[in-house]
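Subject: Structure handover

Hello,

Here is the structure for you to look through. Please open it first, then read my notes below.

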Amino acid sequence: MNAENAWAAPSAALGSARADSSGDAVLPTDPLERAACLTLLAFAGAMQVSIAAADILLTITAALWIGVVIRNHERIDVPKMFWPLVAYAAATIVASIFSVDPRISFIDSKQLVLLVIIPIIYRLLPGKLSLTAVDVVITVGALSATYGIVQYLILNYDDLGRRPQGALGLYMTYSGLLMLVTCAAVARLMFAKHHRQWAALVMPALVLALAFTFTRSAWVGACVGVGLLFLLRDFRLVALLPVAFGLFLAIAPAKLTARLYSTFSLTDPSNVDRVAMMKSGIRIIKDDPLTGVGPDMIIQVYPHYRDKTAVNQLNPHLHNVPLQIAAERGLPALGVWLWFIVSLLRDFLRRRREAFPSLSNAGIAVIAAMVAAGLFEYNFGDSEFLMLFLVLVTLPYAAERAPRVAAAPIVHARRAG
C-alpha cells in the first residue's frame, strides 16, 4: 500500500476545482465504479439511521472498491494521516496480545476494520463528489434531528430517564452524531461560496435536537467546534456564544437548564463519578503503561482499581478518550492517536482557504468537537460515531484529488468549495 501526498492533486485539477466550484457533482461513467460511489453515498447517510444497514452498505462498497482496484490494476493510495491509524491499530493488536483476556480483546478489536473507510473514500469521492457526500450527511442528519424533536415534544422523551435517541436506540450515540453534523453544517454555512441555503434551513432542527438530548458532553463538543469555526471566520463572531448561552437560559425548559447547571456542579453524581474514574484510570496506567489492560478490559479490572469516591460499582469505560486509550492500550497507543489528531489539524489548517474550504474547516470543527466531548465520554470507541468521524475527516483529502474520468452531471450539490 503506497501513501500519496494528501494534497498532491495536480495543479490543473485544483485550478479547475476553484474555477468550477459552483458546478454539479458527477458520478463516474463506468458501471462498477458508479455502483461503488452510490453505495458509498448511501453508507454516508445510513450510519445515522441504522448500524446494521451501514455495515451492509460498507461491506458492499468495500467489495465494489476492491473490484475496481483489481480490474484497473491500481495501487491503493491513502492520505498521510492514515499511517498514524495503522500504528494505532498495531498498538491495539499488541495490547490485545498482552490483555487480561486476549480473546475478548481481539473480538473487540474488530472495530479496526472501519479504517477501510479512509482508502475507500479517498479513491471513490474525488472533487465535488466529496461535497455531495456532506450534503447526504447533513440531509439525513436533519431528518434524524426532526425525529428526535418529535420524540421530545410528542412522545415524551423529555427527561434524563428517557431521552431522544433518533432511530439508533442510544442517546449518547445520537447526540454525538448530531454534534458532528452540526459542525459540518455550520462549516458549510460559513465557508461555502455557493448553495449555503440548505445548511441554514436545517440548522435550527440540528441545534434543537441536540439540546433536547440532555447530553452535556455533546453540548460542550458542539460549542467548542462551532466556536472554533466562528474564530476562524471572524473572531468577533465568538461574541455570539454568550448571547446564545443567555437565550438558552431564558427560553429553555427547566429540565434542560437544570441539566446545563449540573455541568458545573461538584456534587452532581455523574461529575463525581467521572473524577473517580479519572483516578482509577491513572492507577491502571501506572500498573500497565506500555500495553494497558487490553481492549474492552476496563469493566473487568475496574473493581480492583475503583476509587472510594466512585458512584457506580462498574463502568465499561472511563468516559475520557485519552485516558481510556492509555489505560486499555498503553501510552504508546495514546501517542500515535495524538499523532493522528495533530496530523489532521495540521493538514486542515494549511488547506482551509484552498479549493474546498468548507470541507477543511468542517474537519477542524469535528476534530475539536470530538476531542472536547471526548474528555467526558469515550466517543472514539463508538462505532457509529467513529464511522461518521472518519468520513468527515477523509473527505477534505478526497476532494483535492482530480476525478479520473469525466462524467455527466447527476447531482446538484447544495454547496461550494
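The second largest pocket is lined by 44 residues, and those nearest its centre are Met172, Arg274, His319, Phe376 and Glu377. A pocket here is an open set of points on a 1 Å grid over the protein atoms alone, with protein on both sides within 12 Å along at least five of seven lines; lining residues have an atom within 4 Å of a point. This is a predicted model: local features need pLDDT of at least 70, side-chain atom pairs count only at pLDDT 80 or more, and totals for chains, interfaces and linings use all residues. Residues are numbered from 1 along each chain as its sequence is written, and side-chain values use heavy atoms, with hydrogens and water left out.

The second largest pocket holds about 900 Å³ of space. A volume is the space filled by probe spheres set on the points, which are joined across faces, edges and corners. H8, H10, helix H13 (269-287) and H18 each give two or more residues to its lining. H13 gives the largest share, 8 residues. Helices are DSSP runs (H or I, at least four residues), numbered from the N terminus. By class, this lining has 20 nonpolar, 16 polar and 8 charged residues. Ala, Val, Leu, Ile, Met, Phe, Trp, Tyr, Cys and Pro count as nonpolar; Asp, Glu, Lys and Arg are charged; the others, Gly among them, are polar.

Now the largest pocket. It has about 1100 Å³ of space. Of its 32 lining residues, Val207, Cys223, Ala244, Phe245 and Phe248 are closest to the centre. Its lining has 29 nonpolar, 2 polar and 1 charged residues.

What about enclosed space? There are 3 cavities of 30 Å³ or more. In a cavity, a 1.4 Å probe fits but cannot get out. Tyr88, Arg329 and Phe380 are among the residues that line it.

Next, helix H16 (residues 331-351). Its 21 residues should span 30 Å at 1.5 Å a residue, and its end C-alpha atoms are 30 Å apart, which agrees. The expected span is 1.5 Å times one less than the number of residues. Buried residues in H16 include Trp337, Phe340 and Leu344. Buried means under 20% relative accessible area (1.4 Å probe, protein chains only).

Finally, Phe389 touches Phe340 and Leu344, among others. Contact means heavy atoms within 4.5 Å.

Best wishes

Technical notes:
Buried < 20%, exposed > 50% of the residue type's maximum accessible area, 1.4 Å probe, protein only. Lists of a residue's contacts leave out its neighbours within four places in sequence.
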